[in-house]
Amino acid sequence: MLYATTGEAQSPNLSQDPASLAGKILRMTPVGGVPSDNPSRASLVYSLGHRNPQGLAWDERGRLWSTDFGDDVWDELNRIEAGGNYGWPTVEGKGGKPSYIDPVVQWRTQEMGPSGLAYKDGKFFVAGLTGERVWTVDVDDDGQPVLKAHFIGQHGRIRDVVPASDGNLWFMTNNTDGRRKSPGPGDDRILSVPIDTLDLE
Ligand SMILES: [Ca+2]
C-alpha cells in the first residue's frame with residue numbers, strides 16, 4: 001500500500017475531522033483507492049490528529065512510526081496504530097488523555113523540527129530542520145528511548161535522512177528555501193557519513 005502524510009493546512013480543527021484528508025496519515029492502494037482493510041471502509045484516513053507529520057518508517061516488526069512537526073512546544077515521534085488519534089490540536093506532545101495516543105518521544109521544538117525519518121537495526125534516524133541536527137533514537141521495549149543529537153548546527157537544516165546499503169548515513173540539507181538566514185557554501189548538499197562514526201550505543 002501507499003502511505004502519505006498530510007499537514008493540517010493551517011486549519012488545526014481539520015486534524016480531528018474524519019471527513020477531511022488534512023492532518024492525517026493516509027493509506028491507499030497504488031492507484032489511490034481505499035484498501036478494504038482501512039480503519040474506515042470508505043476513507044483513505046489511516047490515523048488522525050496529526051499537525052504536520054513528515055517522516056514515515058517501519059521497524060522490523062512491521063510497525064509504522066511517524067514524526068510530527070509540532071507548533072510551539074513539542075515535536076513528536078509516534079508509533080502509528082490504525083485508526084489512532086494523535087491529539088492535535090487538543091494536545092501537543094504528551095497529554096496523558098485516554099482518548100489520544102501520546103508520542104513515544106517528544107522534543108522541544110527548538111531542538112528538533114522533525115522531517116524525514118528512517119529506521120535501521122533498532123535505531124531511528126530523524127532529520128531535524130529547526131534544530132539543525134540529526135537525532136538518533138534507540139527505542140528499547142524495556143526502557144526509555146535513548147536520544148542522541150549529531151552535527152548540531154554544522155550543516156544547517158536537515159530535511160531527510162537515509163541509512164544506505166553502503167553502510168553510510170546519507171542526509172540532505174534544506175538551507176536555500178528562504179527559511180534559513182544564511183545558506184552555507186555549496187548549499188544545498190547531500191552528505192554521507194559512515195554510521196559507525198556516529199556515537200551510538
Ligand atoms: Ca500528538
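Predicted model: local features only at pLDDT ≥ 70, side-chain atom pairs only at ≥ 80, totals over all residues.

The dialogue below takes up the metal site, the aromatic rings, one tryptophan and the backbone in turn.

Q: Let us start with the metal. Which atoms coordinate the calcium ion, and at what distances?
A: A metal site is read from its donor atoms, and water is not among the atoms here, so a site may look incomplete. In this structure, two OE entries of Glu 76 and the O atom of Tyr 86 coordinate the calcium ion, at 2.3 to 2.4 Å.

Q: Where in the chain do Glu 76 and Tyr 86 lie?
A: Glu 76 belongs to strand β6, residues 74-80, whereas Tyr 86 is in the loop between β6 and β7 (105-108), so the pair ties together parts that are ten residues apart in sequence.

Q: Are Glu 76 and Tyr 86 buried or exposed?
A: Both Glu 76 and Tyr 86 are buried.

Q: How is a pair of aromatic rings described?
A: One gives the distance of the centres and the angle of the planes. The structure contains six aromatic pairs. For Tyr 3 and Tyr 46, the ring centres are 5.5 Å apart and the planes stand at 85°, so this pair is edge-to-face.

Q: Which parts of the chain does the pair of Tyr 3 and Tyr 46 link?
A: The pair links distant parts of the chain: Tyr 3 sits in strand β1 (residues 2-6) and Tyr 46 in strand β3 (residues 45-48), 43 residues apart. Both tyrosines, Tyr 3 and Tyr 46, are buried. Ring pairs also bring in Trp 58, which forms a cluster with Tyr 3 and Tyr 46.

Q: Let us turn to Trp 88. Where does Trp 88 lie, and why does Trp 88 count as buried or exposed?
A: Burial is judged by relative accessible area, with under 20% counting as buried. Trp 88 is located in the loop between β6 and β7. Its relative accessibility is 9%, so Trp 88 counts as buried.

Q: What surrounds Trp 88?
A: Beyond its neighbours within four places in sequence, Trp 88 is in contact with several residues, including Pro 12, Ser 15, Gln 16, His 50 and Asp 71. Three further partners can be described in detail. Arg 51 lies over the face of Trp 88, at 5.7 Å from the ring centre. The side chain of Glu 8 makes a polar contact of 2.9 Å with that of Trp 88. Gly 49 is 39 residues from Trp 88 along the chain, yet their C-alpha atoms are separated by 4.6 Å.

Q: Which omega values belong to the bonds from Trp 88 to Pro 89 and from Asp 187 to Asp 188?
A: The bond from Trp 88 to Pro 89 is cis, with omega near 5°, and Pro 89 is in the loop between β6 and β7. The bond from Asp 187 to Asp 188 is cis as well, with omega near -5°. Asp 188 is found in the loop between β13 (168-173) and β14 (190-194).

Q: What phi values do Gln 10 and Glu 132 have?
A: Gln 10, although not a glycine, has a positive phi of about 60°. Gln 10 is in the loop between β1 and β2 (24-28), and at 75% relative accessibility Gln 10 counts as exposed. Glu 132, not a glycine either, has a positive phi of about 50°. Glu 132 lies in the loop between β9 (123-128) and β10 (133-138), and its relative accessibility of 19% means that Glu 132 counts as buried.

Notes
Residues numbered from 1 in each chain as written. Heavy atoms only, no water. Donors = N, O, S within 2.8 Å, 3.2 Å for Na, K, Ca; no water. Helix = DSSP H or I, 4+ residues; strand = E, 2+ residues; numbered from the N terminus. Buried < 20%, exposed > 50% of the residue type's maximum accessible area, 1.4 Å probe, protein only. Phe/Tyr/Trp six-rings, centres within 6.5 Å; stacked < 30°, edge-to-face > 60°. Lys NZ or Arg CZ within 6 Å of the ring centre and 35° of its normal. Contact = heavy atoms within 4.5 Å. Polar contact = N/O pair within 3.5 Å; in protein donor to acceptor, adjacent residues only side chain to side chain.
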